[in-house]
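Please read it with the structure open beside you.

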Amino acid sequence: MPNSSSDASASVRARNLMLVAEHVQAQRITTRAELARVTGLSRTAVSSLVTELLARRVVVECAERPEPGAVGTAAGRPAIGLGLDPSGGVLVGIHLAHDGVQVALADLTTTIIDETEHQLDVDHEPADTLEYAASTALELIDRHGLDPRRVLGLGVAIAAPVALSTHALSPTTVLRDWAGIDIAGRLHRRTGIPIHVGNDANLGALAEWRLGAGRGVDDLIYVMLSDGVGAGLVLGGRLYEGGGGGAGELGHVTVQPNGQVCRCGNRGCLETVVGTKSLVSALVNTGAQVDGTDDLVALAEGGNPGAQRVLTDAGRSVGQALAGSCTVLDPRLIIVGGKNARASAPLIQGINDALSRSSSPLNNRSTKVVVGGLGDRAELLGALSIAGSSAVARLLEGPAD
């Protein structure tokens with residue numbers, strides 16, 4: 001007869017192994033003492049679980065150790081660091097932005113081994129986009145002589161809400177040409193790799209929280225300012241995607257009721273005010289030669305008053321759109337990322353100005369606004385992170401040595 005007590009014990013241990021492994025992945029480098037603190041497990045239990053994870057070659061003891069005095073140290077003596085074993089397999093990350101595709105190959109710690117980027121009209125060319133992404137991923141794997149069986153996951157970040165249950169785009173997505181397209185299915189058939197799809201702003205938030213400006217902060221809003229505008233929420237130490245995957249659609253918050261008609265069908269959405277095309281067109285009357293983000297950033301950093309005014313006004317519009325969320329959620333941090341965040345000073349000033357005026361006085365001084373630490377790689381690293389989470393689970397399915 002089956003031993004129900006043994007089965008229950010094995011199930012609990014399996015869950016705890018995954019819990020510890022996920023925290024190691026999220027922190028990149030941690031310690032046994034820190035794992036005990038964040039998981040609520042006893043130090044004895046954590047020590048046993050780590051021993052098994054070491055035997056399975058899911059984690060390794062790191063040569064790089066936390067600084068003396070960090071959590072987990074005693075009497076200033078450095079604790080032994082723990083991280084995922086980078087040799088356990090590789091991951092592929094893909095970011096499908098509006099105007100181009102980034103593809104990267106990385107180890108399990110999301111350290112990028114190789115990457116490439118290609119300009120493409122992603123919004124209107126789904127077939128060409130997916131073929132380029134798949135063929136490039138396979139080329140990177142082949143270039144490094146990797147056994148395809150060592151590729152444990154492929155994450156995709158796309159500029160649209162993604163359904164939580166199916167990882168598919170909504171039939172009513174603003175990316176009209178992508179409606180009903182099974183991104184995961186197509187890429188899996190082409191590559192044979194397990195596929196995971198997420199909204200790019202959500203994945204940018206995940207990456208900044210785990211690896212960038214949001215490390216150690218469990219309540220934050222990430223704002224992605226590029227050709228489109230999006231936001232990702234980390235609340236209580238978890239990525240929050242809403243009931244159907246549509247949380248964080250900041251770009252479609254109305255900031256100018258009588259403004260331009262947006263691609264979503266509404267009028268005066270934030271995206272129509274602070275997207276790249278709108279910022280560039282706002283400088284036409286100044287006589288400045290501006291073809292895109294690079295020119296806008298260069299002008300602003302060079303002290304051009306028109307460019308700086310455009311970015312300050314953009315920041316104020318972003319702050320206006322964020323004010324209600326900040327009043328309701330009281331985040332500790334707002335991280336501004338994306339291509340248009342590179343000229344950060346006027347943007348940040350504008351956001352702070354609007355938050356001071358429009359959010360609740362009870363919390364508008366407790367929220368700090370900063371520029372992202374990962375630049376325009378945040379969404380790509382977020383795609384690698386979701387692929388990595390699945391990869392860890394797959395590694396734990398195998399028998400221990």
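1. Helix α8 gives the most to the lining of the second largest pocket, with four residues. This is a predicted model, in which local features need pLDDT of at least 70 and side-chain atom pairs count only at pLDDT 80 or more, while totals for chains, interfaces and linings use all residues. Residues are numbered from 1 along each chain as its sequence is written, and side-chain values use heavy atoms, without hydrogens or water.

2. The second largest pocket has a volume of about 650 Å³, and of its 28 lining residues His98, Asp123, Asp227, Gly228 and Lys277 are the closest to its centre. A pocket here is an open set of points, on a 1 Å grid over the protein atoms alone, where a 1.4 Å probe fits, with protein on both sides within 12 Å along at least five of seven lines; lining residues have an atom within 4 Å of a point. The volume is the space filled by probe spheres set on the points, which are joined across faces, edges and corners.

3. The largest pocket holds about 1,100 Å³ of space, and among its 30 lining residues Leu206, Trp209, Arg210, Gly237 and Leu239 are the closest to its centre. Helix α1 gives the most to this lining, with five residues.

Technical notes. Helices (H or I, at least four residues) and strands (E, at least two) are DSSP runs, numbered from the N terminus.
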